[in-house]
Amino acid sequence: MIPSAFEYAAPQSLAEAISFLQGHAGQAKVLAGGQSLIPLMKFRLASPEYLVDIARVPGLAHLEERAGHLAIGSMVREAVLEASPLIRARYPALLETSLVVADPLVRNFATVGGNVAHADPANDHPATMLALRAHAVVEGPGGRRTIAIDDFLVDTFETALAPDEVLVELQVPQPAAHSGSAYVKLERKVGDYAIAGVAVQVTLEGDVCHEAGLGLTNVGSKAIRPLEAERFLVGKRLDEDVLRQAADLAATAAEPVSDLRGPAEYKRAMVRTLTVRALRKAAQRAKEA
Amino acid sequence: MAEVQLNINGQPHQADVESRLLLVHFIREVANLTGTHIGCDSTSCGACTVLVDGLPAKSCTLFAVQVNGADISTVEGLEQDGQLHPIQEGFFEEHGLQCGFCTPGMMMAGVALLERNANPSEADVRHAISGNLCRCTGYVNIVKAIQYAGAKMRGELPERAAKEVA
């Protein structure tokens, strides 16, 4: 399949990329790893007139903890995140998310930033970023701004990015003491989109849940934060009964539609099951942390 | 149009191409190396797998301009001086193919795995080829073939007679 013709730009700096976007407002699309955008272009579901490849822009591939958060530069490849000792030691939900994005070949080029900025409700990182309460740092002609992930994810394929802004990094708060996180995805086969996915982070004080963050994949027009479930968990001991009640609330928050991956009610039931599993894992990790 | 230069199996290939030209089409139609196959053409099957600067990737899902200047390895680069690469010998010895359509991609994914893990377990191999589909073999012999290549590269298997290779 051949995409529509486009003009390609490979800026050598962020300023150059932004200036190009500004000069071609609304007609240009940022290309990171291309592993979601190129298939869309081949199916001609997207036909941008200009592609601005940010792969050669320096300073976008950092992955490090600083000033209380983990900074994930927008050109960090999934495979890099997956192999990072820091991620493996401290961010289990991020690791488990990367490991189920497409397949290992795709992950050599796919980026975490692209997975979020593409804003496909079937992508896995948006839900995890919700659970971890991440922020997106974007830069445009007017400078940088930091946007809470809830506000960054607007709708299907739609983010808070202005046409002349570039996602620079994702900031994930460093986990507090006694925190645990997990991402659990149900997929028909490797490389498929989720039937449903659930990301969780809990922080314990003693054996009581002090903070809870949740995110749901592919059961709505964008990744969903089940707010009622989060509120319910705070102040509770995470026994099986509490997990099941929280899972009921998460399932209620889901807005699945019937499609080739199953009927809506099945997906809702899977959200319930996956929420219990993810909470169990995260709670166990929080106890061990 | 964009000027693209790629080193494919150590040979420089330069051409003025459309920005929308996919890497797989550059390899097949500009460099005339048709060993790299196009299967699903939608990032699922891995028949088009090549190494880009040593990393396995699906060449139907990269634009040639994106990887301008890169070193590309394809199935044609495996055999050296009439000697099969251990991975090719492995597929031969272990009956790792039937129709052969997925084989170039499988072998490139296998080579990339063996580069970073000389002695992969069955689970390691299955993970490494989880983005490559085979509709014939059921994968069992493909896993054995890649493990055979690992053993060969570790020097644990005897040299094959040259006439068997030919």
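A residue is termed buried if 20 or more other C-beta atoms lie within 10 Å of its own, exposed if 12 or fewer do, and partly exposed in between, with C-beta atoms placed from the backbone. By this count Q5(B) is exposed, because 12 other C-beta atoms lie within 10 Å. The model is predicted: local features need pLDDT of at least 70, side-chain atom pairs count only at pLDDT 80 or more, and totals for chains, interfaces and linings use all residues. Residues are numbered from 1 along each chain as its sequence is written, and chains are lettered from A and ligands numbered from 1 in the order in which they are written.

The predictor assigns the complex an ipTM of 0.95 and a pTM of 0.96. For chain B the mean pLDDT (the predictor's confidence in each residue, from 0 to 100) is 95. In that chain, 96% of residues reach 70 or more.

Q5(B) belongs to strand 1 of chain B. Helices (H or I, at least four residues) and strands (E, at least two) are DSSP runs, numbered from the N terminus. Two residues are in contact if their C-beta atoms, placed from the backbone, lie within 7 Å. Neighbours within four places in sequence aside, Q5(B) contacts P12(B), Q14(B), N68(B) and G69(B). Q5(B) and L84(B) are 79 residues apart in sequence, and their C-alpha atoms are 28 Å apart in space.

A15(B) sits in strand 2 of chain B, residues 11–17. It is partly exposed, because 16 other C-beta atoms lie within 10 Å. Residues up to four places away in sequence not counted, A15(B) touches V4(B) and V30(B). A15(B) and V30(B) are separated by 15 residues in sequence and by 7.5 Å in space, C-alpha to C-alpha.

Helix 1 of chain B spans residues 23–30. Its buried residues are L23(B), V24(B), H25(B), F26(B) and I27(B). These buried residues pack against strand 1 (2–8), strand 2, strand 3 and strand 5 (71–73) of chain B. Just after the helix, N32(B) adopts a positive phi of about 60°.

Chain B is assigned domain 1 (2–76) and domain 2 (86–158); such bounds come from an automatic or database domain assignment. The centres of the two domains, taken over C-alpha atoms, are 22 Å apart. Their contact takes 17 residues from domain 1 of chain B and 12 residues from domain 2 of chain B. On the domain 1 side, strand 3 (49–52) and strand 4 of chain B are the elements that give two or more residues. Strand 3 of chain B provides the largest share, three residues. By class, this side of domain 1 of chain B has eight nonpolar, nine polar and no charged residues. Here Ala, Val, Leu, Ile, Met, Phe, Trp, Tyr, Cys and Pro count as nonpolar, Asp, Glu, Lys and Arg as charged, and the others, Gly among them, as polar.

Between the chains, 23 residues of chain B are in contact with 22 residues of chain A. On the side of chain B that touches chain A, strand 4 (55–58) and helix 4 (122–128) of chain B each supply at least two residues. Strand 4 of chain B gives the most, with four residues. This side of chain B has eight nonpolar, 11 polar and four charged residues.

Chain A is divided into domain 1 (7–53), domain 2 (63–173) and domain 3 (179–284). The C-alpha centres of domain 1 and domain 3 of chain A lie 34 Å apart.

Three strands of chain A form an open parallel sheet in the order 1-3-2. Two strands pair if DSSP finds at least two bridges between them. Strand 1 (7–9) and strand 2 (28–31) of chain A each have a single partner strand, so one side of each lacks a neighbour in the sheet. Strand 2 of chain A is joined to strand 3 (residues 50–53) of chain A by four bridges. L31(A) stands opposite D53(A) in strand 3 of chain A. Helix 1 (residues 14–23) of chain A lies across strand 1, strand 2 and strand 3 of chain A, running at about 165° to strand 3 of chain A. Axes are lines fitted to C-alpha atoms, for helices over the stretch in contact, and angles run from 0 to 180 degrees between N-to-C directions.

A further open sheet of chain A has five strands in the order 4-5-10-6-7, with antiparallel pairing. Its edge strands are strand 4 (63–66) and strand 7 (143–148) of chain A. Six bridges link strand 6 (residues 135–140) of chain A to strand 7 of chain A. G140(A) has G143(A), in strand 7 of chain A, as its bridge partner.
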